[in-house]
Amino acid sequence: MPKKTLGLNTICTHVGEIEDKQFKGAISPIYMSTSYEFDDVEVKRYPRYFNTPNQEHLAKKIAALEHTEAALIFGSGMAAISTMFLAFLKQGDHIVVQNTLYGGTSNFIREEFPKYGIEFTFTNGYQVADFEAAIQENTKVIYIETPSNPLLTITDIKAVADLASSKGLVSMIDNTFASPINQTPIDFGIDLVMHSATKYLGGHSDILAGAVAGSSEHMHRIWNVAKNLGGSLSDMTVWMLERSMKTLALRVKAQNKNALKMAKFLNKHDAVANVFYPGLKTHPEHALAKSQMKGFGGMLSFELVEGIDAIQFQKQLQIIKSSMSLAGVESTMLLPCKTSHALLSSEQREAIGISDRLIRFSVGIETFRDLKQDISQAIARVEKSEKQMEKH
Ligand SMILES: *Cc1c(COP(=O)(O)O)cnc(C)c1O
């Protein structure tokens, strides 16, 4: 099939399918074997070599969605990130990383890199000049994350990719928040794209997986390290991920739509002080987001006005769950100050713009009116109980 000419939903549904020649079933069979008969190939099939039929085929779907040649699927997003880093960095090398990174990535860099003698610099900001200023003689990689967690800042993908290639560096992006439906960074010159497939690619809060996509040459270098580190996953999980990805574009588009409506609704609400969403015209990088994203995503964050307690508000929600993780079909909220950023002091959090009132919202696919109603009733209940407290 000529992949470039296929539509998004056709790629999600069909690219990388395994034809069931024996029974002509509609879906890919699962190959659970960890042992395959020898044949005349250079690398024998074995799950830790990332080359079982299900692994190889699903990788084609991910590569097609990211507009590139090859991909590998890992046991978690962190397995994907750590393997990608260790494939391109060795003792004495240096990496420039965005200051606002997913907590797990930031921990991996701070805790593990010193053991390997790999140097790193967290940028002072997310403008291209901040990345340029952090480059050293021994820099090999630039790593970005956009939209970022939890404030949804937008990094200029093309500007960073151009900077990296002008200096002969490898550029990498965490594309988890956008998903390949909303953002295809390879089109802007990025070398390697990674995903926590636990999030949008999986989408149902029941799979832990990761992926990296890029040119065959770069992916071969990653594969060489991946087979040593052993971060592959069960073919049962690969098969579940394939099943989930058939509806990826449908889900993400529904989430884009709900999140944009939600951001507008919250922005107008008297009880809401601030909304952070790249789809709002008031977002400082709205124009940039529009130029590099096809949709603004299902993630947003907001702050309630002082006087409305964020924890009490979350307790009153009936449909929206207060829970970890993100990107499921169900809507969830969490307080970064109590979860991802709990280890920082209140002052340290304020310094990076994360107030104790900030709520991160992963908008699901529920009927919008019900989500809106849930928020309205929760705010009304908290306001009422706080008025009653004042009287006493
Ligand atoms: C969850 C997440 C990761 C890590 O993925 P796991 O599947 O939990 O290992 C990396 N980056 C982002 C942006 C994430 O949200």
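# A quick tour around Lys199

Let's start at one lysine: leaving out residues up to four places away in sequence, Lys199 touches Tyr102, Thr176, Ser325, Leu326 and Ala327. Keep in mind that what you're looking at is a predicted model. The UniProt record, an unreviewed entry, marks Lys199 with "modified residue: N6-(pyridoxal phosphate)lysine".

- You'll find Lys199 in the loop that runs between β6 (192-196) and β7 (210-214).
- Its relative accessible area is 10%, and buried means under 20%, so Lys199 counts as buried.
- Among the residues that Lys199 touches is Ser325, which we'll come back to below.

**The chain as a whole**

- The protein chain is built from 14 helices and twelve strands.
- Its radius of gyration is 22 Å, close to the 21 Å that the globule rule gives for 392 residues, so the chain is as compact as a globular protein of that length.
- Laid along its principal axes, the C-alpha trace spans about 80 × 55 × 35 Å.
- Of the 392 residues in the protein chain, 54% are buried.
- Take the contacts with a separation of 6 or more: 73% of them are between residues 24 or more positions apart.
- The accessible surface of the protein chain is about 18100 Å², and carbon and sulfur atoms account for 52% of that.
- As for charge, the protein chain carries 41 positive and 42 negative side chains. The centres of those two sets lie 6 Å apart.

**Ser325 and Thr332**

- Ser325 sits in the loop between β10 (321-322) and β11.
- Phi of Ser325 is near 65°, a positive value in a residue that isn't glycine.
- With a relative accessible area of 33%, Ser325 is partly exposed.
- Thr332 belongs to strand β11, which covers residues 332-334.
- Thr332 has 6% relative accessibility, which is under the 20% cut-off, so it counts as buried.
- Setting aside residues up to four places away in sequence, Thr332 touches Ile320, Lys321, Ser323, Ser325, Leu326, Arg360, Phe361 and Ser362.
- Ser325 and Leu326 turn up in both contact lists, the one for Lys199 and the one for Thr332.

**Two cis peptide bonds**

- Thr146 and Pro147 are joined by a cis peptide bond, with omega about -5°.
- Pro147 is in the loop between β4 (139-145) and α6 (157-166).
- The peptide bond from Asn149 to Pro150 is cis too, and its omega is near 0°.
- Pro150 also lies in the loop between β4 and α6, so look there for both of these prolines.

**Lys24 and its backbone**

- Lys24 has a positive phi of about 60°, even though it is not a glycine.
- Its place is the loop between α1 (8-14) and α2 (53-65).
- The relative accessible area of Lys24 is 69%, and exposed means over 50%, so this lysine counts as exposed.

- Ala287 is part of helix α11, residues 286-292.
- At 59% relative accessibility, Ala287 counts as exposed.
- Ala287 and Ile154 are 133 residues apart in sequence, yet 9.9 Å separates them in space, C-alpha to C-alpha.
- Leu344 is in the loop between β11 and α13 (346-351).
- The relative accessible area of Leu344 is 32%, which makes this leucine partly exposed.

- Lys391 is found in helix α14, which covers residues 368-391.
- Its relative accessibility is 74%, so Lys391 counts as exposed.
- Lys391 and Met78 are 313 residues apart in sequence, and their C-alpha atoms are 51 Å apart in space.

How values were computed. Residues numbered from 1 in each chain as written. Predicted model: local features only at pLDDT ≥ 70, side-chain atom pairs only at ≥ 80, totals over all residues. Heavy atoms only, no water. Helix = DSSP H or I, 4+ residues; strand = E, 2+ residues; numbered from the N terminus. Rg over C-alpha atoms; globule rule 2.2 N^0.38 Å. Buried < 20%, exposed > 50% of the residue type's maximum accessible area, 1.4 Å probe, protein only. Contact = heavy atoms within 4.5 Å. Areas by Shrake-Rupley, 256 points an atom, 1.4 Å probe, with all protein chains shown as cover. Lys, Arg positive; Asp, Glu negative; His and termini not counted. Charge placed at Lys NZ, Arg CZ, Asp CG, Glu CD. UniProt positions renumbered as here; feature names shortened; annotations may be inferred.
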